[in-house]
2 protein chains.
Amino acid sequence: MPGIKPQIPHQSNRSGRPAAESSGDVRAAILDVAQDLFARQGYAATPVRDIATAAGVTPAMIHYYFGSKEVLLRTVLERAVEPLAEAIETLKATSKASPDFIVRTLMSTIARHPGLPYLVLREVMLPGGTMQAHFAGHLAPRLGGALPDILDTLQRREEIRDDPPPATAALILLSLVMFPFIVRPIAEQVLGVGLHGDALESFQDHVAAFVQRGFLP
Amino acid sequence: MPGIKPQIPHQSNRSGRPAAESSGDVRAAILDVAQDLFARQGYAATPVRDIATAAGVTPAMIHYYFGSKEVLLRTVLERAVEPLAEAIETLKATSKASPDFIVRTLMSTIARHPGLPYLVLREVMLPGGTMQAHFAGHLAPRLGGALPDILDTLQRREEIRDDPPPATAALILLSLVMFPFIVRPIAEQVLGVGLHGDALESFQDHVAAFVQRGFLP
DNA sequence: TAATTAATTAAACGTTTGATTAATATTTTT
DNA sequence: AAAAATATTAATCAAACGTTTAATTAATTA
């Protein structure tokens, strides 16, 4: 029988034709392309064939490496979410985490991975999201559960006011840090608020200052 | 030839079987169901057949009244967005529009139409949104273009600080007002921040106060 | 080098998709 | 009451979908 159990491909992969355009890891090429297309078009609107074509492989390869389109999405999400999750965990470990610093850290992390908000929002947070069931208890706590703890600590130290409860404060913070990037095209074209380069830094300053005032003791 | 030009159906509609479960307007029944399903599952993930079944009609009826699935979505969006657009226009016409009042007006309008944020976000604001091209210049200005004007007026009257430019302030405001409802399921289940009934009013208070401090002259 | 395993391809599978058709029933108009 | 316009159904279409299969080629192992 031909290859049935898809395993992690070996490092050196020299087949007849170098299927993946770049180095050699077909699996990684599929993941890269899928992440891009899922972020830009959404899971339901992205045919497996398109991913395969863009990755320079056959549709069968995707099922060979991932088994199903849904597993591919899950794999993409787990990989894509890592930078943000790490940023939040680092924040939690850092004792010197002022609201200003938190805002800047989160915003620049998201800015560095433009597709991330779309992926997380569409596939796990919005109702009907394909990964909602699987991620409700697996990913969301790692992303959203740590922030209230951080803010709780700040309140106990009386570095910020205790007015909004930690969870509410976390939701406010998340709103300011994520939403602008979610509606980035509209923000830039309709409102004229740039979120690239210098304009992004200026926007970060404004948001950080706004949050600082909002949390003022 | 059988009916070609779908027109606005007449008021009293008594056919063989009362196709639409409720009163008689089949077109409205389709619109209602489509709005609900599009909001809960997204356009790409909602088959025309499902809409037809849920509305108690034949798939052909949808093409009879709307011509295509895409026109149906456009019609749904134009209808669904009306309450929010009116709220913003009313705000603009009202001279007594403090930040507190703006926040409360927008939030309660959105809370009154739970599916609205999902619809607008998924189909017009997120990249790959089916209605992005058609609505970029047609709907977005009506929704997002008015807020900067309102905030500009407040700044000229020195009722709020002039620190963030009006457009930036508008984006901040929109973030706080929309995002919580977008991630409502996660907000409630993971963070434990309720957005219904009394809990919603409490949340509104916190956000309004936070915004008031952020805009303090 | 022979045998085995892994990677890949081309073709097709059955299903679901949005859309259309032709026929029929119901109103409305004349 | 006849004619015309409108509304609805059941059946069907071609295309696109995710997935599978069988065969083939390359790499690894024995």
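Good morning. In this predicted model, chain A is superposed on chain B by a rotation of 180°, with 0.0 Å of shift along the axis and an RMSD of 0.0 Å. The two copies are thus related as by a two-fold rotation axis.

Let me turn to the interface. Chain A brings 46 residues to the contact, and chain B brings 46 residues as well. On the side of chain A that touches chain B, at least two residues each come from helix 1 (26-41), helix 7 (116-125), helix 9 (140-156), helix 10 (166-182), helix 11 (184-191) and helix 12 (197-214) of chain A. Helix 10 of chain A gives the most to this side, namely ten residues. Sorted by class, the side of chain A that touches chain B holds 31 nonpolar, eleven polar and four charged residues. Of the interface residues of chain A, 100% are also interface residues in chain B, so the copies meet through the same surface.

I now move to helix 4 of chain B, residues 69-80. With twelve residues at 1.5 Å a residue, helix 4 of chain B should span 16 Å, and this agrees with its end C-alpha atoms, which are 16 Å apart.

Which residues of helix 4 of chain B are buried? They are Leu72(B), Leu73(B), Val76(B), Leu77(B) and Ala80(B). Because these residues cover an arc of only 130° around the axis, they lie on the same side of helix 4 of chain B. Their packing partners in chain B are helix 1 (26-41), helix 3 (59-66) and helix 7 (116-125).

Thank you for your attention.

Definitions and conventions:
Residues numbered from 1 in each chain as written. Chains lettered and ligands numbered in written order. Predicted model: local features only at pLDDT ≥ 70, side-chain atom pairs only at ≥ 80, totals over all residues. Least-squares fit on C-alpha atoms with pLDDT ≥ 70 in both. Contact = placed C-beta atoms within 7 Å. Helix = DSSP H or I, 4+ residues; strand = E, 2+ residues; numbered from the N terminus. Nonpolar A, V, L, I, M, F, W, Y, C, P; charged D, E, K, R; others polar. Expected span 1.5 Å × (residues − 1). Buried ≥ 20, exposed ≤ 12 C-beta atoms within 10 Å, placed from the backbone. Arc of directions from axis to C-beta.
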